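Student: I am new to this structure and would like to learn how to read its features one by one. Please show me the model first.

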Amino acid sequence: LDTELSTIDPLYALVDPPLSTINDIDKLKDYIKDNLDHAHHWTGTCKMAPLSQGGVVNCRGKVYGTKGLRVADISVAPVMPDGNTAGPAFFVGYKISKMIIKKYKCSS
């Protein structure tokens with residue numbers, strides 16, 4: 001892959017780990033163990049589901065057992081998105097904010 005990418009793009013350069021590590025399974029295992037770090041965003045910490053199913057918020061982002069508190073970010077996702085969480089986070093925030101705006105526009 002390194003050779004192919006270098007042919008396609010002369011500016012391409014494998015940065016880390018070096019090929020000598022990639023080609024040695026023991027070195028590669030050690031490299032992974034030494035460099036593994038969490039690079040994902042946490043989701044589902046305030047699960048959107050019925051309270052009886054372990055939910056923290058309802059489908060409108062309202063936190064069970066509180067008054068006037070909503071959660072409108074990716075933490076409400078009952079299932080972790082397959083990929084970057086930015087898009088789903090924007091969508092959740094947008095949808096819940098629209099519900100809030102609609103509620104207060106109608107009641108004023």
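Student: Which residues form the positive surface patch?

Tutor: A patch is made of residues with over 30% relative accessible area and no salt bridge, with like charges joined within 9 Å and nonpolar side chains (Val, Leu, Ile, Met, Phe, Trp, Tyr) within 5 Å. A salt bridge is a side-chain nitrogen of Lys or Arg within 4 Å of a carboxyl oxygen of Asp or Glu. Lys and Arg count as positive and Asp and Glu as negative, while His and the chain ends are not counted. A charge is placed at NZ of Lys, CZ of Arg, CG of Asp or CD of Glu. Here, R60, K62, K67, K102 and K103 make up the positive patch.

Student: What should I know about the source before going on?

Tutor: The model is predicted, so local features need pLDDT of at least 70 and side-chain atom pairs count only at pLDDT 80 or more, whereas totals for chains, interfaces and linings use all residues. Residues are numbered from 1 along each chain as its sequence is written, and side-chain values use heavy atoms, with hydrogens and water left out.

Student: Where is K103, and is K103 buried, partly exposed or exposed?

Tutor: Helices (H or I, at least four residues) and strands (E, at least two) are DSSP runs, numbered from the N terminus. K103 sits in helix α4. For exposure, buried means under 20% relative accessible area, exposed over 50%, and partly exposed in between (1.4 Å probe, protein chains only). K103 is partly exposed because its relative accessibility is 39%.

Student: Where does K98 lie, and how far is K98 from S6?

Tutor: K98 is also placed in helix α4, and at 44% relative accessibility K98 counts as partly exposed. K98 and S6 are 92 residues apart along the chain, and their C-alpha atoms are separated by 48 Å.

Student: Which residues form the nonpolar patch?

Tutor: Accessible areas come from the Shrake-Rupley method with a 1.4 Å probe, and for residues only the protein chains shown count as cover. The nonpolar surface patch consists of L14, L19 and I22, which together have about 210 Å² of accessible area. L14 is in the loop between α1 (2-8) and α2 (19-22), and its relative accessible area of 31% makes L14 partly exposed.

Student: Is I25 buried or exposed?

Tutor: I25 belongs to helix α3 and is exposed, because its relative accessible area is 54%. Between I25 and G87 there are 36 Å in space, C-alpha to C-alpha, and 62 residues in sequence.

Student: Which residues does T85 touch?

Tutor: Contact means heavy atoms within 4.5 Å. Leaving out residues up to four places away in sequence, T85 touches H41, T43 and I74. T85 is in the loop between α3 (25-35) and α4 (86-107) and counts as buried because its relative accessibility is 7%.

Student: What does S75 touch?

Tutor: Not counting residues up to four places away in sequence, S75 is in contact with T43, G44, T45, C46 and K47. S75 lies in the loop between α3 and α4, and at 9% relative accessibility S75 is buried.

Student: Where is M48, and what does M48 touch?

Tutor: M48 is in the loop between α3 and α4, partly exposed at 24% relative accessibility. Its contacts, not counting residues up to four places away in sequence, include V57, N58, V76 and I96. The C-alpha atoms of M48 and R60 are separated by 8.7 Å, with the two residues 12 apart along the chain.

Student: How far apart are Y64 and K103?

Tutor: Y64 and K103 are 18 Å apart in space, C-alpha to C-alpha, and 39 residues apart in sequence. Y64 lies in the loop between α3 and α4 and is partly exposed at 29% relative accessibility.
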